[in-house]
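This note reviews one protein model for a colleague who works with computed structures. Please read the points below alongside the coordinates.

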Amino acid sequence: MLGFGSKSRQAASAAVGGKDRFETIINSIADGVIMIDKQQVVQLLNPAAAELCGWKIDEATGINVNQVFKLANKKGEPLKTSEDPLHKIMESDKPIRVDEAFLLNRNNSQVAISLSLTPLPDPEGHVSGVVAVFRDVSTETAQQQQRADFISTASHEMRTPVAAIEGYLALALNEKVATIDARARDYLDKAHASAQHLGQLFQDLLTSAKAEDGRLTSHPTAVELGSFLDKLTSDLRLVAEKKGLFVEFVVGSKDSVINATKSGAIQKVVRPLYYVYVDPDRLREVITNLFDNAVKYTPEGKVSLGLTGDGNVVQCYVRDTGPGIPAEDLPHLFQKFYRVDNSATRTIGGTGLGLFICRKIIELYSGRIWAESEVGKGSTFYINLPRLSDQKAAELQKAVPAVEPLEPSSSL
């Protein structure tokens, strides 16, 4: 009996010691940690979480998490239930990460945070609770905003003198205005091209800064993507013709193809109506950017614009028969300033912002953009957008808002 009692005391002591170590670790973490159960009741929070939320630990423990941990949008308005990641994770078994969220503390002061949510499964695999880890990123957010403001201001101011340089160079190259010899014309042509490239860089910097801080103008409406891409293909066809490339518009399967040939003849086919809710000018920027890139990097063959979809998603793509993109570069294509390092990109040049801007525009409409490629077999850039029902599209098309002029489209 004595031996059994001694072992029991040792086990109890080890259990208490384990609990103490757990609490010591949690309390020493600089990030805020909150654990809630399936009923969204706070079971645990560490000192860092209590300080950020503005609550005392004993007051916050045992009450609903929505009273302690209030998330808001940039304007300080509480998130709707459908937008709240704490609500979403209860219906999913996948971790959720939010790089920029806003916490309303007990004094209703707004704090920028990064947030990671991890579901806690029960033995049957159902979500029994959630652990939230978050930290104050107000300083980083303010610094990013300052950088964005500087880029935006500098780009805007620099566009004026660059435009003037372009204008004067164009005048110098105009035979009706100035007389120059062949060598001088060659120099001025190169200077004019460089000035245009510099002007495009400033424009892309300005557009990317607006995309990052939510200032990118957008006037979405219901757009029938089939007609939209049909017309756009005809408009873009001349760009590819200059390189002797064939262009086709593929609707659905390979059996239903609208060919935009060099003669301009177009074979019409019956196709379903694919409605999406986008700004047509913004979407035109994206498709034009992808098409121009395909033409630039495809020495021979064809460029295809495609359209397909189901009841929920509309998918369009731009496919080329170019040299392809190495697998290691694909995950980074849509990052700011990232460019594939090969002889083609070094020769053709670009700002490294075009695909980044494309991604930001598509994300405005809850869409997704990505690329698939194989070296030597060409590349395909896909865009998925939520599909509108015909009824919803008809309702949205009744009132078309006035639109403002957009910035020139970007390219790599």
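1. Basis. This is a predicted model, in which local features need pLDDT of at least 70 and side-chain atom pairs count only at pLDDT 80 or more, whereas totals for chains, interfaces and linings use all residues. Residues are numbered from 1 along each chain as its sequence is written, and side-chain values use heavy atoms, with hydrogens and water left out.

2. Overall composition. The protein chain has twelve helices and 14 strands; these are DSSP runs numbered from the N terminus, with H or I of at least four residues for helices and E of at least two for strands. Of its 412 residues, 40% count as buried, where buried means under 20% relative accessible area, exposed over 50%, and partly exposed in between (1.4 Å probe, protein chains only). The accessible surface comes to about 22700 Å², and 55% of that belongs to carbon and sulfur atoms; the areas come from the Shrake-Rupley method with a 1.4 Å probe, and for residues only the protein chains shown count as cover. Among contacts with a separation of 6 or more, 60% are between residues 24 or more positions apart, a contact being heavy atoms within 4.5 Å.

3. Six strands form an open sheet in the order 2-1-6-5-4-3, with antiparallel pairing; two strands pair if DSSP finds at least two bridges between them. Its edges are strand 2 (42-45) and strand 3 (70-72), each of which pairs on one side only. On average, neighbouring strands of this sheet are turned by 40° against each other, direction ignored. Axes here are lines fitted to C-alpha atoms, for helices over the stretch in contact, and angles run from 0 to 180 degrees between N-to-C directions.

4. Pairing around strand 6. Strand 5 (residues 110-121) and strand 6 (residues 127-136) run antiparallel and are joined by nine bridges. Within strand 6, Gly-129 stands opposite Leu-120, and Val-130 is the bridge partner of Pro-119. The hairpin of these two strands has five residues between them, and there Gly-125 takes a positive phi near 90°. Strand 1 (residues 32-37) also pairs with strand 6 in the antiparallel sense, over six bridges, and Gly-32 stands opposite Phe-134.

5. Pairing around strand 12. Six of the eight residues of strand 12 (residues 313-320) are buried. Seven antiparallel bridges join strand 12 to strand 11 (residues 302-309), and the two strands form a hairpin with three residues between them. Leu-305 has Val-318 as its bridge partner there. Strand 12 is also joined to strand 14 (residues 379-386) by seven antiparallel bridges, where Val-313 is partnered by Pro-386.

6. Nonpolar cores. Which residues have the most contacts inside the largest nonpolar core? They are Leu-225, Leu-229, Leu-333 and Ile-383, in a core of 50 residues. Such a core is a set of buried Ala, Val, Leu, Ile, Met, Phe, Trp, Tyr and Cys residues joined through side-chain atoms within 4.5 Å. Helix 9 (residues 280-296) gives the most to this core, with seven residues. A second, separate core of 27 residues includes Ile-34, Val-42, Leu-45 and Phe-134. Not counting residues up to four places away in sequence, Leu-333 touches Ile-325, Tyr-338, Val-340, Leu-355, Ala-371 and Phe-381.

7. Helix packing. The axes of helix 9 and helix 11 (residues 354-364) come within 10 Å and cross at roughly 145°. Among the residues that meet are Leu-283, Val-286 and Leu-290 in helix 9, and Leu-355, Cys-358 and Ile-362 in helix 11.

8. Thr-141 lies in helix 6 (residues 138-173). Apart from neighbours within four places in sequence, Thr-141 is in contact with Glu-100 and Ala-112. Its C-alpha is 9.0 Å from that of Ile-113, which is 28 residues apart from Thr-141 in sequence.

9. Positive phi outside glycine. Asn-108, in the loop between strand 4 (96-104) and strand 5, has a positive phi of about 65° although it is not a glycine. Asn-108 is exposed, with a relative accessible area of 55%. Ser-366, in the loop between helix 11 and strand 13 (368-373), likewise is not a glycine and has a positive phi of about 60°. Ser-366 counts as exposed at 60% relative accessibility.
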